[in-house]
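Hello,

Here is the structure I promised to pass on to you. My notes follow just below it, and I hope they are of use when you open the model.

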Amino acid sequence: MGKKIKKGTKGEATLYMPRSKAIRKLQLTLKDFRRLCILKGVFPREPRKKLGGRNKTYYHTKDINYLAHEKILQKFKDMKLAMKKYKKYMRKDNPEKAQKFKENMPTYSLNHLVKERYPTFVDALRDLDDPLCLVNLFAVFQAHKLFDIPNDKVQVCAKLAKEFDLFIIKSRSLRKVFLSIKGIYYQADIQGQTVTWIVPYHFTQKLPAEVDYRVMLTFLEFYETMLKFVNFKLYSSLNLKYPPKINVELEANLDSFSYNTLLLENKENALETEIQNEKYRISDEFNKDETVQQMNSKYNNAHANLFQGLVFFCNREVPRYSLEFVILSFGGQVLYDTDTVNISDKRITHVITDRDPKFLQILPNREYIQPQWVYDTINNQMLLPTQDYAPGKVNI
């Protein structure tokens, strides 16, 4: 008679484990376990036979063993222990010592996770859609104490999104634009990779209470780090310093979303480039297919300067941030009402408006168009007749 095998120690039963068992093995709370899985890119699996119960969430045993060797795991435990000590000092009514202890709390970096999950730069570009969508979403949020959305997180997202947009403008990488109820879809071609993302309209956002923003913030934590790497590599491809500096004077006169508030500088020497590359190292082994490069070059020559020589004035009622982005991406200039510029400026060739014609002051030597003309012109890759998009026209 053969040796009796204990149930659950061999075969398919050892390939998967329930979430509760995984948490016990890693000695984490449910919150930290979810956070670690998101940061490492580990997700639940669906086994053929749910030996531990039908209503449980399962993970592959190899994934849990993979998590067990992550160095951030110990950081989570150190931070949990430090937080207990901090609360202890607060209970003993010693705020000075508690604050000093809080300032020296353990911290961690996600740089190694970005390099681990994206061994080559093209891998990061292929996975760029979701990070851009989430970063642009938080960029239009308001800080919310109840949902633990801090103001500095919103500002960082707005800065990262604007830096990426500025690369698209300078590299003339934008290809298509689509306006929907959800927001504005953009599609760009970056080093042979098609990147598509959505940007919400700049309205006051009402945050639904049923959404788990803690999960979203964990994804955002990783995406922020990833996008910093990607932005640096993209700026380096144009021989530009990253991050770009902020023009404080212009920011005071304009607003934080204007692209004119960022100052672009060329890299000064090879040593500086090497130091920065070492900090943001992702392999450059992306697709160098000559056919792709030739197609991109042909497109740039034909359509990148679609609005070259045109000066657009945006009235207050149009989506200025989107229009400014797409017009600059195709070589045009954008003006809007400020202390130094108004609609009577003689440089203006096109006025973008969405008002009833009877409320407009029509000036000579310029075209009056609806915003849709700009987007349709980009998608058709040619300057369309303006009379079909005149103010008041509805059949467009």
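Over how many bridges do strand 4 and strand 5 pair, and in which sense? Strand 4 (residues 184-190) pairs with strand 5 in the antiparallel sense, over seven bridges. Helices (H or I, at least four residues) and strands (E, at least two) are DSSP runs, numbered from the N terminus, and two strands pair if DSSP finds at least two bridges between them.

Before going further, a word on the source: this is a predicted model, in which local features need pLDDT of at least 70 and side-chain atom pairs count only at pLDDT 80 or more, while totals for chains, interfaces and linings use all residues. Residues are numbered from 1 along each chain as its sequence is written, and side-chain values use heavy atoms, with hydrogens and water left out.

Strand 4 itself is mostly covered, as five of its seven residues are buried (under 20% relative accessible area; exposed is over 50%, partly exposed in between, with a 1.4 Å probe and protein chains only). On one side, five bridges join strand 4 to antiparallel strand 3, and F178 stands opposite Y185. These two strands form a hairpin with four residues between them. Towards strand 5, Y186 stands opposite W197, and I184 has V199 as its bridge partner. This second hairpin has two residues between its strands, and Q191 in the turn has a positive phi of about 50 degrees.

**Helices 4 and 5**

Helix 4 (residues 72-91) and helix 5 (residues 95-103) pack at an angle of about 165 degrees, with their axes 8 Å apart. The contact is made by A82, K85, Y86, Y89 and M90 of helix 4, together with P95, K97, A98, Q99, F101 and K102 of helix 5.

**Helix 2**

Which residues of helix 2 are buried? In helix 2 (residues 30-40), they are D32, F33, L36, C37, I38, L39 and K40. Their cover includes helix 1 (19-26), strand 2 (58-60), helix 3 (61-68), helix 4, helix 6 (111-117) and helix 10 (213-237). Just after helix 2, G41 takes a positive phi of about 75 degrees.

**One last residue**

P385 lies in the segment after helix 15 (371-380) and is partly exposed, with a relative accessible area of 42%. P385 and I369 are 16 residues apart in sequence and 10.0 Å apart in space, C-alpha to C-alpha.

Best wishes

How values were computed
Axes fitted to C-alpha atoms, helices over the stretch in contact; angles between N-to-C directions. Contact = heavy atoms within 4.5 Å.
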